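Have the structure open while you read.

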Amino acid sequence: MNTESKPAPHSTKKPMEELESVTIRFSGDSGDGIQLTGMQFTTSTALAGNDLSTLPDYPAEIRAPVGTLPGVSGYQIHFSSREVLTPGDAPDVLVAMNPAALKANIKDLKKGGILIANVDSFTPQNLNKVSYEKNPLEDGSLSDFRVIKVDLSRLTGNALSGLALTKVQVERCKNFFALGMMYWLYDRPMDGTLKWIESKFKKTPLLVEANKKALLAGNAYAETAEIFGFHYHVRKAKLDPGLYRNITGNEATALGLVAASQVSGLGLWYGSYPITPASDVLHELSKHKSFGVKTFQAEDEIAAIGSAIGAAFGGHLAVTGTSGPGIALKSEAIGLAVMTELPLIILDVQRGGPSTGLPTKTEQADLLQCLYGRNGESPVPVIAASTPSDCFDAAIEACRIAIKYMTPVFLLTDGYLANGSEPWKIPSVSDIKKFVVPTLPLPAQFKPYLRDEKTLARPWAAPGLAGYEHRIGGIEKQEISGNVSYDPENHERMVRLRAAKVNKITQDIPPMQVLGAKKGKVLVVGWGSTFGAISAAVKNLQGKKESVSAIHLRYLNPLPSDLGDLLAGFEKVVVAEMNLGQLLKVIRAKFAIPAIGLNKVKGQPFKIGEIESFIETVLRGA
Amino acid sequence: MENEKEIENLPASGPVLSRKDFVSDQMVRWCPGCGDFAILATVQKLMPTLGIPREKIVFVSGIGCSSRFPYYMNTYGFHSIHGRAPTLATGLKCARPDLMVWVVTGDGDGLSIGGNHLIHALRRNADLKILLFNNRIYGLTKGQLSPTSEMGKKTKSTPYGSIDYPLNPIALALASEATFVARAVDTDLNALSQVLDKAAKHKGSALIEIFQNCIVFNDGAWSEVSDKSLQSETTVTLEHGKPLVFGKNKNKGIRLKGWNLEVIEFEPGHPPADILIHDETSSPLAYLLSHMERPHFPVPQGVFRSVSRPVLNELMDAQIAEAKKSSPADLEKLLKGSETWTVAA
């Protein structure tokens, strides 16, 4: 924690210390309501005016055996009075609801950090489940930390003693007792959560009362009990003026798709099959029927994309969403969209692979699959979002490109962006750039594969229009007429035309933004969700007067036309990504430079420190 | 932009009058003598009688000989990938309820690689008219067994004979809760035309199994039931509310015996009182009929089952209409979500 000794903004019984930024990790059993607790803390923190970033980290199993390591669920939030770019490298505070949560997370807690442990769950049985021979709260092994032992279960029970609740119901309220404590410790408003409890449990007034009581009791307990000598205040961040909300990547993606549909006037079709971590996009979109959104939970991944291709043929803004394994299943159909040159957005919320891999963890290892994972020469544009809220803009851009160039487009996010959240300055509807479907030629001039000179896009004549009846399909097309053709010259021409069309998209890519100077010693190249960690690391080094710059790629196919010149301006190029060097391969191949890879495949995002120290090594010439 | 106005004002093609309006300019590339020609001609003849503008009709297919069908129809068409036609068709029909969507598939495309999609398109009642050309063989890949090939069948991939028990497409469709299930033969174009006409007018997904002859790789697979000189003895026509009577002399019929069916003979014109009367709305009956096979029974042609159930696209649109009524679309409100805060300048 960066402590500043400024006077507290308002006085309470205990002294208040001012902090610039704090990282808290809530952890417990997946049945302990950790995600919910984290999200409540996030909302209150957003309303308190801090900049923030969150990282939920939950197991793939819905309910792993209680008290075991596989069942540990975590939620980390980093909030600050300054700009926040990542969910924080290491927590300052760890809330551990049981021994398993302690064991899984204690290695990450900063030295001198605060550990709040629910002592009631440190029973011999629970300790045994995670192979603690002795109780770590008592054997001195935690002497590096400020250990605060709270008998959460007993205290929650006392607070709720007057209510006709079962033991299990009481136990389920203890996360709100802990949340109440954290609200006092970090001086957060509780109104939002109190309101949330009222609406969430409105059908069961007893639970409204119980959860409210637990929250307030936890808050009062932290204030009065002799456990904390002081509490903390984090001032409002200096964000751009405007109206804000908190948003996760999956929410932003869904809203971006709805917005794209609204500004283009095209009906939105979303065909999807449930898969972690993409399902929330389906859930979100299925709520928005009033916008005419048609969502379709298909029988499998192939049917999901098939339905979208059908809807695209029918003149809709068609989207299919999935994660890596689903992309593998959709590959043949993506090729069909390439061949039939229909607009289609393929959302890949990447997760750890291969195969089932790490369903709930993040990775960027689908890039090469998206670029090349199909039979034949099958070019598809790829666009990647860089932050949770950026998913909104990236989704709109993917839609715009798909319609303008009549092509399938990959929209890449990942598990970290999908579930992570940050404050989002809500754009005004009038600021969202409109885009239109290119006008059709008259029937007499209509040829299904006659291309627009500037974009090389073919016309989009949906069924229903008299005079435009035509047939398309997966067999090679005769140029212009679109009839079936096996002619060798025509095939090569069409292969080259499809590639040329995708390359034309470079004309839509704005000049690259460089973080730092346009020439220097080291350039860090990133894409996707590594944006925050790379930017923070590079800014730190720039603060130390190091010659380091960074660029972040939104367009991974085609690559921006000014990328080559930028790369040439640096002595060394580092490509940082959460895979074994996929963009690195592309850059080495395209620009023939000895770019250096910084790679991490742990299912966890980069820490700022990891990037910083790697760049320092590169700067020192190692 | 001026095109836009002109396009908007284009006249609909209006009632199309003749078969030739539905013939595309593409050369038909099936083997001479293929059963597909007769089916294509029947469909092209049927289209003008439906009173649906040509531009509102779409044929979607998968992969296989039969799936080349859309290229030969002068409507909108989509020749997709192996087994997936029902998925494209479902998306298209739901996105564009104003269109009439036909699916052309085969026993390999529809029952093997695309089996999953077929059953879901049927149970959802996606209002697709699905023509399943069944020739009991893989033709386009030159002669491997298909899911409807009979046990023991020797093919290129089963030189010692097939050991896979065949699927019954009618029974599969019934089990998938299809609202319209019928069968026709590529040599009886009158009956085929009638069945297609009923399917076209049925509201909901329709599956029509068409016995089709592959002259090159499985010639004569259906000869017993397609040969006009044998048909009266080897087939029985299903007509709603009518007794199941067959035979050259109309002297044979079908009767329920316990949980099974039996063939009975009687004096022409005097069927027994307990002769089976066809009821298109009965699922158990349809299932029994679906298992009438040679040599013990005549093979049923016509409509096995025809019932009414809400169609997918209408259910989808009804939810949208309801949502629009209760909370009109407001993008600004949507973007704001439930909790916001203001950062002052």
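In this predicted model, chain B and chain A bury about 5,900 Å² between them. Carbon and sulfur atoms give 66% of that area. Three residues stand out on the chain B side. B:Tyr76, B:Leu335 and B:Trp341 supply 15% of the area that chain B buries against chain A, more than any other three residues. The contact draws on 69 residues of chain B and 75 residues of chain A.

**Polar and charged links**

Between the two chains, 26 residue pairs are in polar contact, with both residues at pLDDT 80 or more. Several elements of chain B each supply at least two residues to the side that touches chain A. Among them are helix H1 (2–8), helix H3 (85–95), helix H11 (312–326) and strand E12 (341–343) of chain B. By class, that side of chain B has 31 nonpolar, 21 polar and 17 charged residues.

How many salt bridges cross the interface of chain B and chain A? The rule finds three. Over all chains, the whole structure has 45 salt bridges. Side chains of opposite charge can pair when their charged atoms come close. Two examples follow.

| Salt bridge | N to O distance |
|---|---|
| B:Asp317 with A:Lys294 | 3.2 Å |
| A:Lys404 with A:Asp508 | 3.0 Å |

The second pair lies within chain A. A:Lys404 is in helix H14 of chain A, and A:Asp508 is in the loop between helix H16 (488–504) and strand E19 (514–515) of chain A, so the pair ties together parts that are 104 residues apart in sequence.

**Strands that cross between the chains**

Strand pairing also links the chains. Strand E18 (residues 471–473) of chain A runs parallel to E2 of chain B, joined by three bridges. Here A:Gly473 stands opposite B:His79.

Strand E10 (residues 242–248) of chain A pairs with E12(B) over three bridges. Which residue is the bridge partner of A:Tyr244 in E12(B)? The partner is B:Trp341. B:Trp341 was also named above for its buried area.

**The seven-stranded sheet of chain A**

Chain A also holds an open sheet of seven strands, in the order E12-E11-E13-E14-E16-E15-E22, with mixed pairing. Strand E12 (294–297) and strand E22 (555–557) of chain A are at the edges with a single partner strand each, so one side of each has no neighbour in the sheet. The twist averages 20 degrees from one strand to the next.

Within this sheet, strand E13 (residues 317–322) and strand E14 (residues 344–350) of chain A run parallel and share four bridges. A:Val319 has A:Ile345 as its bridge partner in E14(A).

Helices pack on the sheet too. Helix H11 (residues 301–313) of chain A lies across strand E11 (268–272), E12, E13 and E14 of chain A, running at about 170 degrees to E13(A). Helix H14 (residues 390–405) of chain A touches E13, E14, strand E15 (382–384), strand E16 (408–414) and E22 of chain A. The direction of H14 makes about 170 degrees with that of E16(A).

How values were computed:
Residues numbered from 1 in each chain as written. Chains lettered and ligands numbered in written order. Predicted model: local features only at pLDDT ≥ 70, side-chain atom pairs only at ≥ 80, totals over all residues. Heavy atoms only, no water. Contact = heavy atoms within 4.5 Å. Buried area = accessible area lost by both parts, 1.4 Å probe. Salt bridge = Lys/Arg side-chain N within 4 Å of Asp/Glu carboxyl O. Polar contact = N/O pair within 3.5 Å; in protein donor to acceptor, adjacent residues only side chain to side chain. Nonpolar A, V, L, I, M, F, W, Y, C, P; charged D, E, K, R; others polar. Pairing = 2+ DSSP bridges. Axes fitted to C-alpha atoms, helices over the stretch in contact; angles between N-to-C directions.
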